[in-house]
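Biologist: I'm new to this one. Could you show me the model and tell me how you decide what to call things?

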Amino acid sequence: MEDRLSPGSYIWVVDRGDTRLPFSKFVTASSMMVVGVEPENAYAIGEAVEERLRLARATEVGVDELIEINVETIETHLGSDLAQRYGAWVRARRLGRPIIVLIGGAPGVGKSSVAGQVGARLRIAPVIPTDAVREVMRQLVPSSLSPLIHVSSFEAHAALNAPVASDHDAVIVGFQQQAEIVRAGVRGLIDRAIVERSDLVVEGVHMLPGLFDRELPHWQTEATVCQAILSVPDAESHRAHFLTRMEHSSARRANRYLDSFNEVRRIDRYIQEVAQRTGVPVFPMAQLDEAIQQVMSVIVGHVIAENEGVLDIRRTQPAIQHGS
């Protein structure tokens, strides 16, 4: 018979000698999917790693050594590029630098769907919509003092307290002013997350590129800040998003968007223009899975790039401890 650890035995993963958790091939597989390993490949590699540990009769394995084993197994099955990317990602995450993800875009482009999946894959909770921030502000500030936050982004022009110059688009001016008000609440959330060294995803129409240019230099000394914009280039596809929403939520609310569809599209175009000027990537929402993977790729790339030079993917690790 093969000399291996019995299937029912725990393999303990030890981190710096003070934290012990049982090895999980499913957690291992999930960490690989973050860097683009397909689910079926990730689970197969997770099983191969578990088999390797059991054949070695491992009762304990250090986190750094487990990372190395994962890297080697990915390289064997899928090649060196994914293996190096995975190794760089997990070592960067172990440094404890918070990730702040800001996802913007016009109403109805699919921000909530993408942000929810990104948060789940990165194991980040909570995912906060800027509409929730605006709702809190609405409860604290009456409409008589700040009418702009008591209307939707595409209706904010109707609440402006001064006429708009003829060479400006009132819809965009109203949206800009509302985003600037909501900015204060979002800034507080991000400041708090960084102080607590917590990851955070914020999504919403108010995540306008350039809005946090004053804060970014400070935030980037303490955290990895990733920004992405979602857009639906085709107007009819965008309209279809709202029609789909009518099937799953309030028809009255969806009709409000359709009644103001021209204003929504103007906001979409404006956000894309600002993103282009500020260098924030824009991802078309043609396929949900593709958009999620594109945003994930940007995040992983940022995290790795910011920690480049600190990480050593092939460092020497202590030997596996074997059972008797």
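Biologist: How many cavities of 30 Å³ or more does a search of the whole structure find?

Modeller: One. A cavity is a set of points on a 1 Å grid over the protein atoms alone where a 1.4 Å probe fits but cannot get out. This is a predicted model, where local features need pLDDT of at least 70, side-chain atom pairs count only at pLDDT 80 or more, and totals for linings use all residues. Side-chain values use heavy atoms, without hydrogens and water, and residues are numbered from 1 along each chain.

Biologist: What makes Phe-212 a lining residue of the largest cavity?

Modeller: Lining residues have an atom within 4 Å of a point, and Phe-212 is on that list, as are Leu-102 and Gln-227, among others. The cavity holds about 40 Å³ of space. Its lining has seven nonpolar residues, one polar and no charged.

Biologist: Why is the pair of Phe-212 and Trp-219 called tilted?

Modeller: Rings pair if their centres lie within 6.5 Å; planes under 30 degrees apart are stacked, over 60 edge-to-face, the rest tilted. Here the centres are 5.4 Å apart and the planes at 40 degrees, so the pair is tilted. Both Phe-212 and Trp-219 are buried (under 20% relative accessible area, 1.4 Å probe, protein chains only).

Biologist: How do you know that β4 and β7 pair?

Modeller: Two strands pair if DSSP finds at least two bridges between them. Strand β4 (residues 99-104) and β7 have six, in the parallel sense, with Val-101 standing opposite Cys-226 in β7. Strand β7 (residues 224-231) also gives the most to the cavity lining, with three residues.

How values were computed. 1 Å grid on protein atoms, 1.4 Å probe; cavity = no way out; pocket = protein on both sides within 12 Å on 5 of 7 lines; lining within 4 Å. Points joined across faces, edges and corners; volume = space filled by probe spheres on them. Helix = DSSP H or I, 4+ residues; strand = E, 2+ residues; numbered from the N terminus. Nonpolar A, V, L, I, M, F, W, Y, C, P; charged D, E, K, R; others polar. Phe/Tyr/Trp six-rings, centres within 6.5 Å; stacked < 30°, edge-to-face > 60°. Buried < 20%, exposed > 50% of the residue type's maximum accessible area, 1.4 Å probe, protein only.
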